[in-house]
Amino acid sequence: MSKFAVLGYGVVGSGVVELFYKNKEKIEKKAGDDMDVKYILDIRDFPGNPYESKFVKTIDAIVNDSEISAVAECMGGVEPAFTFTKQCLEKGISVSTSNKELVAAKGDILLKLAKENNCNYFFEASVGGAIPIIRPLHRCLAANSIDGVAGILNGTTNFILTKMIEDGMKFDDALKLAQELGYAEKNPAADIEGHDACRKICIISSLVYGKHVYPDSVYTKGITEIKLEDVQTVNKWGGAIKLIAKVSELENGKILPFVMPMIVPFENLMSHVDDVFNAVMVSGDGIDKTLFYGRGAGKLPTASAVLGDVIESVKHDKTVFSQMWDSSENNEFVEDRKKYEAVMYFRVSANDSVKAIINNCGGNIIDESADGICFVTEKMSFEKSEVVAESIKNSGSEVISIIPVLEI
Ligand code: HSE
């Protein structure tokens, strides 16, 4: 019999308990052992809850119980999740987590600790909700040299953008609905300002390129400045604006991770990924391109990924199965976002001389209206696009939007 504990009884933690008891027999068959939830850790009271007898308020009961072989950490935030996870791993208890903030901040330390204690730190649920992406990246696709990974990694922002475009819903109403549906972070600024997607691309980058990439080394811009006029113009031109998290390996050996709104051309399948769905496109020398797609947030989709890892923990008890990456002392292997090259979309206000500047930079006008002139450039670096923006400003025209076009 394998007994496990669930840390945190919020949206994801309660989903783990619900899905476990719903599919208990099937899960046990796959794990090859009888299983049960012995403890649920939460500082709140849940009177009348069917699992009331399992609730504890401190981690001590869990780490000092030799029957516990696995833990599902669904607390979120760095502390106290970091301390609790360390305590579990030090006792040889495998931990499966949905906590991307913790993995992005301390993944290197926790993976090392798991290895030292002959157990596992699994984090499939930390990226892409229900989508299997962590294990495919470090196992199924391990034979490839990965030149890039790009994805829609935040369900809340994708849901908001879809509701705004398709249902004409206001930003705040769409965000409120995402919160009610349990998609958004406790503080939704982490979603709309791109920090959640940033943590996820840090995890992918660390996993793929083998060195811990810290969130503060990744350029991050959310969706708060996206204008409906641009969404509509881009849609007519042949693409969708999405919040994209991307990392690529450069010829100079550095990596370039970032999060920002980008135009995804309609010929790229990711342009059709809507609502709370996420997608991750991996480009490698063996596979060419592979796309992973599914529900990126929500109670049961995320619980599915956590439980998948708990089952792995039970099957591989006392065997180190999880991936490792090196700690990094500095950010020198992370390239400046200004070096990133893309076709750029501009919206500028019209004036007499702006068309000559557009012409000089090889720009192609795609729309002219009272909202301004929209044009796309040839492929250029962000550095160069800033020079173009400066000369447009110097001509007396306002630069309203600059959005790069995704290429992977
Ligand atoms: N707030 C996150 C999202 C939850 O919307 O994608 C899943 O990580």
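Q: How far is the polar side-chain atom of T156 from an oxygen atom of the ligand?
A: In this predicted model, a polar side-chain atom of T156 lies 2.6 Å from a ligand oxygen atom.

Q: And what about K200?
A: For K200, a polar side-chain atom lies 2.7 Å from an oxygen atom of the ligand.

Q: How much of the ligand's accessible area does the protein cover?
A: On its own the ligand has 250 Å² of accessible area, and the protein covers 94% of that.

Q: Which pocket is that space?
A: The ligand takes up the space of the largest pocket.

Q: Which elements give two or more residues to the shell around the ligand?
A: Those are α7 (155-167) and α10 (195-209).

Q: How do the shell residues divide by type?
A: There are 5 charged, 4 polar and 3 nonpolar residues around the ligand. The shell includes K100, E185, D191 and D196, along with G296 and A297.

Q: Switching topic: how many cavities of 30 Å³ or more are there?
A: The search of the whole structure finds 1. The largest cavity holds about 70 Å³ of space.

Q: What lines it?
A: Among the lining residues of the largest cavity are Y121, F122, R135, H138, D309 and F321. Both β6 (121-122) and α6 (134-140) give two or more residues to that lining.

Q: Which of them gives the most?
A: α6 does, with 4 residues.

Key. Residues numbered from 1 in each chain as written. Predicted model: local features only at pLDDT ≥ 70, side-chain atom pairs only at ≥ 80, totals over all residues. Heavy atoms only, no water. Near = heavy atom within 4 Å. Polar contact = N/O pair within 3.5 Å; in protein donor to acceptor, adjacent residues only side chain to side chain. Areas by Shrake-Rupley, 256 points an atom, 1.4 Å probe, with all protein chains shown as cover. 1 Å grid on protein atoms, 1.4 Å probe; cavity = no way out; pocket = protein on both sides within 12 Å on 5 of 7 lines; lining within 4 Å. Sits in = over half its atoms within 2 Å of the grid points. Nonpolar A, V, L, I, M, F, W, Y, C, P; charged D, E, K, R; others polar. Points joined across faces, edges and corners; volume = space filled by probe spheres on them.
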